[in-house]
Amino acid sequence: MKKILIIEDDPEIIKLLEIHLTNTIYNTDSIMDGAAGLQLALKNDYDLILLDLTLPNMDGIEVCKKLRATKNTPIIMLTAKSEEIDRVLGLEIGADDYMTKPFSIRELLARIKAVIRRTSVTNQKENTISSLSYDSLYIDITKRKVLLNQEKIELSPKEFELLVLMASNPGRNYTRSELLNIIWGYNFEGYEHTVNSHINRLRAKIESDMANPNYILTTWGVGYKFNEDITL
C-alpha cells in the first residue's frame with residue numbers, strides 16, 4: 001500500500017484528505033508544521049508528499065527546496081494562491097504537480113495516481129540501464145550519481161532526470177514542450193522557460209564552456225539534444 005505524507009496547517013483539509021485517501025489505497029501521515037514535516041519526510045520513505053505552500057516555522061517552498069537536496073520523493077504542492085509566479089516557483093524548485101485551493105478531491109486523487117505512476121515508470125526505465133559514460137562524463141543511474149573528470153557533480157532531481165533522458169538517447173532532438181511533459185508531466189504551453197532554466201543550470205555544472213557546450217546542444221528552432229558525436 002502506498003504511503004502519503006500530508007504537510008498542511010488546516011485541520012479541516014487534513015481531515016478531508018485523510019478520509020478520501022485512506023478510503024482508497026493509501027496510508028497517510030499528517031503534520032501541521034513545516035519544519036517538523038521536513039524532518040518526517042527526511043526520516044521516512046513516502047510514495048508522495050502533499051505539501052501546503054503556507055506553513056508555520058517553514059513554508060512549503062523552503063521545505064521543498066531542502067527535501068529536494070537529498071530526496072526525490074514526488075511532491076504535489078497545495079496553495080490558496082493562484083498567481084502564475086507561485087506555480088512557476090513550485091516547478092522550479094522541483095514540485096511534481098501543483099493544485100490551488102479549493103480543489104476537487106476527484107481531480108486530486110487522479111493527479112496523485114498520475115504522479116505516482118509516472119515516478120514508477122521513470123524508475124523502471126532508469127533501472128534498465130545501470131550507467132552511461134561519455135568522454136569525461138560518467139552517470140551512475142542506479143546510484144543517481146554523476147562524475148565529471150572523476151569529480152562528483154551535485155545535480156537536482158530534475159537536472160539528473162533531464163541528463164539521463166537525453167544521454168540515453170544521444171542525437172535525439174527534444175522540444176521544450178516534450179521535455180516539460182516527460183520530466184514534469186505537464187503538457188501545456190507557457191512554462192517552457194522552466195526547461196530553459198534547468199538546462200542552463202545543468203550546463204553550468206557539466207560544461208567547461210557554456211557558450212560552446214560539449215554535451216547538451218541547442219537545436220535551433222527545435223530544442224535540445226545530447227551530443228551524439230562524443231566518444232563513448
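For the class counts here, Ala, Val, Leu, Ile, Met, Phe, Trp, Tyr, Cys and Pro are nonpolar, Asp, Glu, Lys and Arg are charged, and the others, Gly among them, are polar. This is a predicted model, where local features need pLDDT of at least 70 and side-chain atom pairs pLDDT 80 or more, while totals for chains, interfaces and linings use all residues. Residues are numbered from 1 along each chain as its sequence is written, and side-chain values use heavy atoms, with hydrogens and water left out.

**Largest pocket**
- By class, its lining has 12 charged, 7 nonpolar and 5 polar residues.
- The volume comes to about 600 Å³ (a pocket is an open set of points on a 1 Å grid over the protein atoms alone, where a 1.4 Å probe fits, with protein on both sides within 12 Å along at least five of seven lines; lining residues have an atom within 4 Å of a point; volume is the space filled by probe spheres set on the points).
- Of the 24 lining residues, Arg68, Ala69, Leu155, Ser156 and Pro157 sit closest to the centre.
- H6 gives the most to this lining, with 4 residues (helices are DSSP runs of H or I, at least four residues; strands are runs of E, at least two).

**Helix H3**
- Gly60, Ile61, Val63, Cys64, Leu67 and Arg68 are its buried residues (under 20% relative accessible area, 1.4 Å probe, protein chains only).

Key. Buried means under 20% relative accessible area, exposed over 50%, partly exposed in between (1.4 Å probe, protein chains only).
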